[in-house]
Amino acid sequence: MPVEVLMPQMGESVVEATITRWLKSVGDTVQEFEPLVEVNTDKVDTEIPSPSSGVLLDILVPEGATVQAGSVLAWIGEAGEVISKITPPPEKTSKMEGKPEPARSTRVAARPVIEIGKNRELGFISPIVARIAREHNLDLSKVPGSGQGGRITKNDVMAYLETQQKAAAPTIEVEAGEAIPSPTPPVSLRQAETVSRPPSGELLPLTVVRRAIAEHMVNSKRISPHVTTVMEADLHRVVAHRSENKAAFERDGVNLTYTAYFVYATVVALRAYPIVNSSWTDEGILLHPEINIGMATSLGEEGLIVPVIKNADSLSLMGLARKINDLANRARAKKLQPDEVRGGTFTITNHGISGSLFASPIINQPQCAILGVGAIQKRVKVISSQEGDTIAIRPMVYLSLTFDHRILDGAIADYFLGKVVESLENWS
C-alpha cells in the first residue's frame, strides 16, 4: 500500500509551512528517515524525512506552495504501484462527540485523480505523466500514445498540450478588402521600445527567507515610531576578564565570545527597567514575565535569523556562552526548530562583526526595543580621577538602542542603555 508523506506539526504554535525544495524527484528510490523535502517556517529551514522506504510515486505540493500541518505532500510506495487515492482522507468522526473533524487542506488547487501504474484502458501511466495531467486538468483518454503498445509518454502529453494551446489562440476573420481593427491605439517606435524592453541588470529571485525578512522589516517601520539613542562603553574590564577566563571556558567546551557579556549586561538592565521588556497592545503595555533574548545571527547571502535564548535571566555567563554557541552553530547549519525563533522579548544585533561602528536597527516586532552593538576598537579616552585628567587607550564600543516611542520616552531609554554601559564598564 502506498504511504502518505504528511506535513508534520513543526512547533507548538506553527500551523503551516512553505515547501522550499524537494530533495528527491518522482521515481527516485528513498530510504526510511532519509531527508525528502525541505520546508520553511519563520525563516527556519527544516528537512522532513521519508516515513518509509520505497519509490517516490508522486509529489502533490510544488515548491513555493504553503500548506497547513497534516496536509498530504507526496506518496511513497513500490515501483509501478497504483495510487488509488491522492485526495485527503474522508472526514473522521469523533468518538467523543460524534462530530466530523475538519478535513485537512492545503493552499494548492485540487487536482483530478490519476492512477499511477497499469490502467485497463490507457495502459501504463508513469508518475510524471500522471502529474502533468493533474496539473493541466487533462483527460488522458484524449491523448494519442506513441509508446510501446500505445503507452502515453511525457512527449505525447506535452505535444497534446501544445496543440491545444495553439487551437485556443484567438483568430480574427475578415472579408476581402476589410481592414483588420487594431485592438490598441498605435504607438510610436520609442513608446514601443519603452514598453517591450525589460529593465537592464540581473534579476535575483526572492528566497522564502528574504521575502519574510522584507515583510517583517516593512511592517515594523509601519507599526512602531522608531527612535535611536547611542552611547559609548569602555570595555577594558570585559576584555581583561575574557582574556583571563577564555581558556577555562574552552576546557569545558565553550567559546567565550563578547556576545555573552552583552547579553548578561542587557539582562541586568532589563531587570532594572522592566518596561523595556514589554510589547504594545491597544489595551495597554504588556510587561513580559520572562526575559527571552533574541540574538540576530547572519546567514550570509541567505539573510539572517534570530534564535532566542529563553529565560536568559536564569543563566550564568557560562550558561549564556554555551547557549549562544549552540544556537549560533545550529542556526548556520539550518538545524534550528521553529519554536527556537519564537517568544523573544528583546533582541540584540552585533553589527560590529562586519566592522560597523554604530547603526539604528529595526525593532523585531512585537518587542519594545533592540540593542545594536558596534565594532570594538581601541580609541583614545580621557580618564578623570582625583589626580586630574589623563589620556589612555581603551577598547571602546558604540551601543545603540532603537526603541518604540509609543512605549518609551527618551529619558527611560537612556537610563536603560546607561545601565547596560554601567554593567560592562564595572565588570568584575
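Q: Which residues form a nonpolar patch on the surface, and what is their accessible area together?
A: The patch consists of Val-380, Val-382, Ile-391 and Ile-393, with about 450 Å² of accessible area together. That area comes from the Shrake-Rupley method with a 1.4 Å probe, and for residues only the protein chains shown count as cover. The model is predicted: local features need pLDDT of at least 70, side-chain atom pairs count only at pLDDT 80 or more, and totals for chains, interfaces and linings use all residues. Residues are numbered from 1 along each chain as its sequence is written, and side-chain values use heavy atoms, with hydrogens and water left out.

Q: Is Val-380 buried or exposed, and how do you know?
A: Val-380, in strand E20, has a relative accessible area of 62%. Exposed means over 50%, buried under 20%, and partly exposed in between (1.4 Å probe, protein chains only), so Val-380 is called exposed.

Q: Why is Thr-349 called buried?
A: Thr-349, in strand E18, has a relative accessible area of 16%, so the residue counts as buried. Leaving aside neighbours within four places in sequence, Thr-349 is in contact (heavy atoms within 4.5 Å) with Ala-296, Pro-361, Ile-370, Leu-371, Gly-372 and Val-373.

Q: What makes a group of residues a nonpolar core?
A: The members are buried Ala, Val, Leu, Ile, Met, Phe, Trp, Tyr and Cys residues joined through side-chain atoms within 4.5 Å. The largest such core has 51 residues, and those with the most contacts inside it are Ile-293, Phe-346, Leu-399 and Leu-424. Helix H6 (258-272) is among the elements that each supply at least two residues of this core, and H6 gives the largest share, eight residues. A second, separate core has 24 residues, including Val-5, Val-39, Ile-59 and Ala-65.

Q: How do you know that E6 and strand E8 (residues 72-77) pair?
A: Two strands pair if DSSP finds at least two bridges between them. E6 and E8 have four, in the antiparallel sense, and Asp-58 stands opposite Trp-75 in E8. Strand E3 (residues 29-30) also pairs with E6 in the antiparallel sense, over two bridges, with Thr-29 opposite Val-55 in E6.

Conventions:
Patch = residues over 30% accessible without salt bridge, like charges linked within 9 Å, V, L, I, M, F, W, Y side chains within 5 Å. Salt bridge = Lys/Arg side-chain N within 4 Å of Asp/Glu carboxyl O.
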